[in-house]
Amino acid sequence: MNKRMLLGLALCTALSANAQKRLQLDVNIKGLPEGDTVVLWAPLPNHVDTAIVKNGHFTFDRDMSEGGTTYIMQIGKNGKQEQGTVLYLEAGKMSITGNGPFFKDAVFTGSPFVADWLDIRNNILPMNDAIAARKQELYAKLEKAVSLGDEEAMKNLQHDLNQLEVPMAKACYDWVVKHPNAGAGSFLVNAILNNKLSSEEYKDLMTKVGPEVKNTFTIKRMTMQKFGGENALGMYNVQAAAFTLNDVNGKAVSLEDYKGKYVLVDFWASWCKPCREAVPALISTYNKFKDKGFTVLSVSLDDKKEKWMQAVAEEKMPWAQVSDLIGGESPVAKKYGVVAIPAAFLVDPAGKIIALGAGPALDEKLADLLK
């Protein structure tokens with residue numbers, strides 16, 4: 001074989017390898033608003049692509065060399081939930097067809113990752129709806145028990161809350177283990193299991209999956225943040241990064257203002273459904289310990305002030321709210337190595353991070369600290 005043929009073969013191989021790292025997403029849905037903007041956003045790498053609807057059709061062709069991750073695809077810029085959908089995407093092809101409205105009853109076909117994502121969406125995620133409804137009931141009862149000082153009821157309700165998500169976590173863990181080469185499993189690891197696995201449990205799970213999962217952008221980012229870098233998640237007893245941001249009234253609020261108290265630095269956003277579902281629990285924790293030297297400082301990763309303020313009002317969060325209104329590019333979020341939201345860091349009176357996350361584990365930690 002001569003040098004020219006070898007060069008041609010090498011070039012073809014390189015082009016083929018490069019093509020395999022691209023995503024081709026083709027959408028045909030009847031009745032989509034003509035000329036509307038479609039936003040395809042990956043929260044973790046904070047990549048945003050846009051397309052325009054023409055005759056119910058639009059496409060995306062993007063580089064996926066960084067690996068697969070979770071995307072939110074939204075038709076129009078009004079943020080209406082029914083006009084969007086969550087997708088796990090990686091290199092390959094996905095076709096979405098339907099009669100509308102929007103993504104209701106749409107048919108998803110394409111590369112093998114599409115079938116994996118549909119299995120998760122149709123058979124795992126619906127468990128969350130039942131959990132969310134039951135969680136609201138339990139937190140309403142817990143709030144009443146706290147107001148009455150009924151410690152026995154509080155203990156029983158806390159136990160019920162602790163057990164509520166166990167079946168969901170087990171289903172997610174089992175799915176990932178049974179599909180060790182399905183990149184879509186990275187969504188479950190990040191969105192559901194992230195705050196439920198210790199560092200050792202996370203390491204153990206990573207021994208059970210193949211490179212298709214480990215090389216997703218999601219898992220690479222999670223692993224880096226958990227075990228590498230000075231602001232890595234999982235590092236305790238390190239000084240919390242100082243920051244000053246404006247509140248909803250434009251007043252500067254600094255983490256330094258909270259020295260001498262236990263403060264939970266809570267990262268969230270108005271558009272983050274899990275964040276908003278977690279608010280009742282956080283309000284319960286706040287009310288339980290606010291008179292004992294504990295408070296919350298929420299940092300929003302919104303980029304629109306009106307959406308942020310509306311969510312704060314709707315959720316009736318009684319503590320300080322701050323934001324730089326630049327979304328996922330927030331330097332504060334990057335200082336804390338935030339991989340996904342909600343994310344929370346318990347800072348002690350000396351300004352050190354001593355625990356991660358909220359929920360029942362936070363209540364137990366505070367009960368021990370604030371006896």
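## The open sheet

The order is β4-β1-β7-β8, and the pairing within this four-stranded open sheet is mixed; strands here are DSSP runs of E with at least two residues, helices are runs of H or I with at least four residues, and both are numbered from the N terminus. Two strands are said to pair if DSSP finds at least two bridges between them. The edges are taken by β4 (57–63) and β8 (107–110), each of which has a single partner strand, so one side of each is left without a neighbour in the sheet. On average, and with direction ignored, neighbouring strands of this sheet are turned by 15 degrees against each other.

This is a predicted model, in which local features need pLDDT of at least 70 and side-chain atom pairs count only at pLDDT 80 or more, while totals for chains, interfaces and linings use all residues. Residues are numbered from 1 along each chain as its sequence is written, and side-chain values use heavy atoms, with hydrogens and water left out.

## Strand β7, strand β8 and helix α2

Four bridges connect strand β7 (residues 92–98) with β8 in the antiparallel sense, and S95 stands opposite T109 of β8. Helix α2 (residues 112–123) lies across β1 (22–29), β7 and β8, and runs at about 145 degrees to β8; axes are lines fitted to C-alpha atoms, for helices over the stretch in contact, and angles run from 0 to 180 degrees between N-to-C directions.

## Strand β5 and its partners

Strand β5 (residues 69–75) is mostly covered, since six of its seven residues are buried, where buried means under 20% relative accessible area, exposed over 50% and partly exposed in between (1.4 Å probe, protein chains only). Strand β2 (residues 37–42) runs antiparallel to β5 and is joined to β5 by four bridges, with Q74 in β5 as the bridge partner of V39. Six bridges join β5 to strand β6 (residues 84–89), again in an antiparallel arrangement, and T70 stands opposite Y88 in β6.

## Two buried helix residues

L188 belongs to helix α6 (residues 185–193) and is buried, with a relative accessible area of 0%. Leaving aside neighbours within four places in sequence, L188 is in contact (heavy atoms within 4.5 Å) with I120, I124, L125, C172, W175, V176 and L193.

T285 is placed in helix α11 (residues 279–289) and counts as buried at 2% relative accessibility. With neighbours within four places in sequence again left aside, T285 is in contact with F294, L362, D363 and L366.
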